[in-house]
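This report describes a structural model and the features that can be read from its atoms. The sequence and structure come first.

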Amino acid sequence: GRLSRKEPGTVPPEIEAIYDGFFQARGNVPNMIQTFAHRPKVLKTMVAHFKAVMEGTTVSVLLKEYLTLRVSTVKKCHY
């Protein structure tokens, strides 16, 4: 089966703060983040990793996201 997404407004305040950060930065809360909200400890670790990879470099976030999409397409990953 599939895991459901935890919509904004249905999560504890600590997770809502993570959602708010993504919404402010991107204008949305990615499905992946909403799905991992079922496991708050895992979500926090994943968000820390995501930020380490996506922020603080000379390569733009947009280019990194494009590369992620391209690699997923080449590898035939449907997510």
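**Overall layout**

The model is predicted. The protein chain contains four helices and zero strands, and from the N terminus on its elements run α-α-α-α. Along the principal axes, the C-alpha atoms fill a box of roughly 35 × 35 × 20 Å. The protein chain has 79 residues, of which 20% count as buried. Among contacts with a separation of 6 or more, 42% are between residues 24 or more positions apart.

**Nonpolar core**

The largest nonpolar core is made of 11 residues: Val 11, Ile 15, Ile 18, Tyr 19, Phe 22, Val 29, Ile 33, Ala 37, Leu 43, Met 46 and Val 47. Two or more of these residues come from each of α1 (13–26) and α3 (40–54). Helix α1 has the largest share, with four residues. In soluble globular proteins, nonpolar side chains tend to be buried together.

Leaving aside residues up to four places away in sequence, Val 47 touches Ile 18, Phe 22 and Ile 33.

Is Ala 37 buried or exposed? Its relative accessible area is 5%, and because the cut-off for buried is under 20%, Ala 37 counts as buried. With residues up to four places away in sequence again left out, Ala 37 touches Lys 6, Val 11, Ile 15, Tyr 19 and Leu 43. The C-alpha atom of Ala 37 is separated by 15 Å from that of His 49, 12 residues apart along the chain.

**Second largest pocket**

The second largest pocket has a volume of about 210 Å³. Which residues line the second largest pocket? They are Ile 18, Gly 21, Phe 22, Ala 25, Arg 26, Val 47, Phe 50, Lys 51, Met 54, Glu 55, Val 61 and Glu 65. By class, the lining consists of seven nonpolar, one polar and four charged residues. At least two lining residues come from each of α1, α3 and α4 (61–74), and α1 gives the most, with five residues.

**Salt bridges**

The count of salt bridges comes to two.

| Pair | Closest N and O atoms |
|---|---|
| Glu 14 and Lys 44 | 2.5 Å |

The salt bridge between Glu 14 and Lys 44 links distant parts of the chain, with Glu 14 in helix α1 and Lys 44 in helix α3, 30 residues apart. Glu 14 is partly exposed, at a relative accessible area of 43%, and Lys 44 is partly exposed at 39%.

**Residues outside the helices**

Val 59 is located in the loop between α3 and α4. Its relative accessibility is 36%, and it counts as partly exposed. The C-alpha atoms of Val 59 and Cys 77 are separated by 23 Å, and the two residues are 18 residues apart along the chain.

Lys 76 is in the segment after α4. Although Lys 76 is not a glycine, it has a positive phi of about 60°. Most residues other than glycine have a negative phi. Why does Lys 76 count as exposed? Lys 76 has a relative accessible area of 68%, and exposed means over 50%.

Technical notes:
Residues numbered from 1 in each chain as written. Predicted model: local features only at pLDDT ≥ 70, side-chain atom pairs only at ≥ 80, totals over all residues. Heavy atoms only, no water. Core = buried A, V, L, I, M, F, W, Y, C linked by side-chain atoms within 4.5 Å. Buried < 20%, exposed > 50% of the residue type's maximum accessible area, 1.4 Å probe, protein only. Contact = heavy atoms within 4.5 Å. 1 Å grid on protein atoms, 1.4 Å probe; cavity = no way out; pocket = protein on both sides within 12 Å on 5 of 7 lines; lining within 4 Å. Points joined across faces, edges and corners; volume = space filled by probe spheres on them. Nonpolar A, V, L, I, M, F, W, Y, C, P; charged D, E, K, R; others polar. Salt bridge = Lys/Arg side-chain N within 4 Å of Asp/Glu carboxyl O.
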